[in-house]
Amino acid sequence: MPGKKTAELTAVVTQPDRLRYFSEHRDRIVATISELVEIESPSDHKQSVDRIAAFLALKFEALGGRTHLHRSDDFGDSLQIEFSGSSTQPTCKPVLLLGHYDTVYPFGTLANMPCEVRNGRLHGPGALDMKSGIALMLHAIEALQAWHGELPRPVIVFLVSDEEVGSRSSRRITEALARKSAGVLVLEPAAGLRGAVKTARKGVGEYTLRVRGVAAHAGLDPGKGHSAILELARQIAVVAELNNLQQGVSVNPGVVHGGTRTNVVAAEASVGIDVRIKSAKQASGIDRKLRSLKPFDKHCKLEITGGINRLPMERTAGVAALYKKAQKIADEIGWTLDEAAVGGGSDGNFTAGMGIPTLDGLGGVGEGAHATHEFIVISELPRRALLLAGMIESA
Ligand SMILES: [Zn+2]
């Protein structure tokens, strides 16, 4: 909560003043995003992810942040930054700004997908998802310091190295930091070109179903074999029946492996399954059904591995309250800020799942995340920065 001193200063710097400030700083924000896009950082390339972590540590230290690298052997290092708040607000809980600097693009992508400005858009791998979000953090913190002399409250920034591959090395840290925070602001891209913030996200699960059958010569002994492929085909039909798009449940058998040669009855086959759910209850229901699949052919054995990775981010009262604050800030510059429920998961799912008020999709506005035409709309940057600065004060 902004204190008295903060409230007075906020009154001095009105939202229209702030919009002017960020419009004047727009090219600097674009320059920061370009710097980050130029440092390629695919999740599976530790060396380059560590390079962007070190680069960002220097950037945040220049603003007075205390940085700490969380080392990881299997993934890139994740970066935690802490800022003290106003000396008049020593007991105020911090707000957590959450993001990731890993991208889905293989090393060398910049050669074919350069970082460049065309028609008011900044293109490049990770420009939208989510290097613009990280740049917004830097510039919003810098602006708050300029307006208030110091940050109006403590701020923790946590930038993870492995969000695009399931956040295995960073999840526990994200959850520990969220637990001591008043709220979580996730700088993932906004939803659609209207720039809606995300107040609900589906949960995500990943499973593998393996079938072990009995091999036999397809010509000499076909009757002795029990085909793992045939069994898998029947199981896939059962799994597909779990789809309930109206209720927001989708189950996709996306990758199939099996067999060795056409003249052998297959001894092994497997399918990788992507699961999306809207509620925690659906998550446990789907999990139970997948684990209780029974073989059609008694000579075949089934094995299911995997599970729900991210529980859904549900639109709780805490989430709705944060959205209301965001709407109010937007309203002061005549901007109608929409909300959206989306299918993809983020680290915001973890923090919302713990019951910590979380608002997602506060980052850049654009299209083509994970695709060759990925871009952000440059003219949207000033009001995104304004919104983030306001949310840091009031979340
Ligand atoms: Zn992302």
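**The zinc site**

Reply: Histidine 100 is buried, because its relative accessibility is 0% (buried means under 20% relative accessible area, exposed over 50%, partly exposed in between, with a 1.4 Å probe and protein chains only). This is a predicted model in which local features need pLDDT of at least 70 and side-chain atom pairs pLDDT 80 or more, while totals for chains, interfaces and linings use all residues. Residues are numbered from 1 along each chain as its sequence is written, and side-chain values use heavy atoms, without hydrogens and water.

Me: Which atoms coordinate the zinc ion?

Reply: Donors are N, O and S atoms within 2.8 Å of the metal (3.2 Å for Na, K and Ca); water is not among the atoms, so sites may look incomplete. Here they are His100 (NE2), Asp129 (OD), Glu188 (OE) and Glu188 (OE), at 1.9 to 2.8 Å. Histidine 100 lies in strand 3 (residues 95–100) and glutamate 188 in the loop between strand 7 (183–186) and strand 8, so the pair ties together parts 88 residues apart in sequence. Strands (E, at least two residues) are DSSP runs, numbered from the N terminus. At 7% relative accessibility, glutamate 188 is also buried.

Me: What spacing do the donors of the zinc ion follow along the chain?

Reply: The spacing is H-x28-D-x58-E.

Me: How do strand 9 and strand 13 pair?

Reply: Two strands pair if DSSP finds at least two bridges between them. Strand 9 and strand 13 are antiparallel, over 10 bridges. Strand 11 (residues 250–258) also runs antiparallel to strand 13, with 8 bridges, and serine 250 stands opposite arginine 276 in strand 13.

Terms used
Helices (H or I, at least four residues) and strands (E, at least two) are DSSP runs, numbered from the N terminus.
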